[in-house]
Amino acid sequence: MRFIDIHERVGQNLQRIRKRKGWTFDKIAECTGVSKGMLYRIEKGETQPTITIVWRIATGLNVSFSSLIKQEAEVVNIVEQKQTPDLEEDNGRCRLYLIFPFDPETQFEVYTMILRPGANYHSLPHLDGVREYITVKAGEFEITLHDKTYMLDEKKSIQFSANVPHQYENKADTETVLQVIMYYADEG
């Protein structure tokens, strides 16, 4: 990993946070008391901000001081599915494998869910703001949201607000493999 000078790190982190929040330089200047011109030069890595300026930016953005000075790791993460599921339900007919745990930066987690023939898993409602994105990788299954049932096969994906009861059911005689992304909206 290449070491990046602190002023470049602050600039890259400021840009990442600004874009993630969807904020303009005007909005950041208003919240931090740091001029738009200074913010622009910091983001471009053209100036070395003082500790006080970094603290003002962190406070105005409502982020930690270290989130502005940390060096992002250049990481490639390759995950191999485990032999044993992380969780099981419905007498082992519904198996859940955690692929990527929740990351506060991205606000999501990724699972593989395997529904064996006859699987019938009832999920309780999740918190408001949670969305599920499901892609069928193999097989077919039915998902019921409220009182409406949807049949999905390998050609289909579904996304929905997960703050309602939902049920996964495999009525086929073959295994169904699902890729599940759980997105947790930022409440801040």
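Biologist: How many bridges join strand β3 to strand β10?
Modeller: This is a predicted model. In it, β3 (residues 108-115) and β10 (residues 176-184) run antiparallel. The bridges joining β3 to β10 number eight.

Biologist: Which residue of β10 is the bridge partner of E132?
Modeller: Strand β5 (residues 130-138) also runs antiparallel to β10, joined by eight bridges. Within β10, the partner of E132 is M182.

Biologist: Which strands stand at the edges of the sheet?
Modeller: The sheet is open, has six strands and pairs them antiparallel, in the order β1-β2-β3-β10-β5-β8. An edge strand here has a single partner, so one of its sides is left without a neighbour in the sheet. That applies to β1 (87-89) and β8 (157-161).

Biologist: Which residue in β2 stands opposite L87?
Modeller: β1 pairs with β2 (residues 94-103) in the antiparallel sense, over three bridges. Opposite L87 stands L96.

Biologist: Is α2 roughly parallel or roughly perpendicular to α3?
Modeller: The axes of α2 (residues 25-32) and α3 (residues 36-43) come within 9 Å and cross at roughly 110°. Angles of 65 to 115 degrees count as roughly perpendicular. Therefore α2 is, relative to α3, roughly perpendicular.

Biologist: How many residues of the contact of α2 with α3 are charged?
Modeller: From α2 come F25, D26, I28, A29 and T32, and from α3 K36, L39, Y40 and E43. Five of the contact residues are nonpolar and one is polar. The charged ones number three.

Conventions. Residues are numbered from 1 along each chain as its sequence is written. This is a predicted model: local features need pLDDT of at least 70, side-chain atom pairs count only at pLDDT 80 or more; totals for chains, interfaces and linings use all residues. Side-chain values use heavy atoms; hydrogens and water are left out. Axes are lines fitted to C-alpha atoms, for helices over the stretch in contact, and angles run from 0 to 180 degrees between N-to-C directions. Helices (H or I, at least four residues) and strands (E, at least two) are DSSP runs, numbered from the N terminus. Angles under 35 degrees count as roughly parallel, over 145 as roughly antiparallel, 65 to 115 as roughly perpendicular and the rest as oblique. Contact means heavy atoms within 4.5 Å. Ala, Val, Leu, Ile, Met, Phe, Trp, Tyr, Cys and Pro count as nonpolar, Asp, Glu, Lys and Arg as charged, and the others, Gly among them, as polar. Two strands pair if DSSP finds at least two bridges between them.
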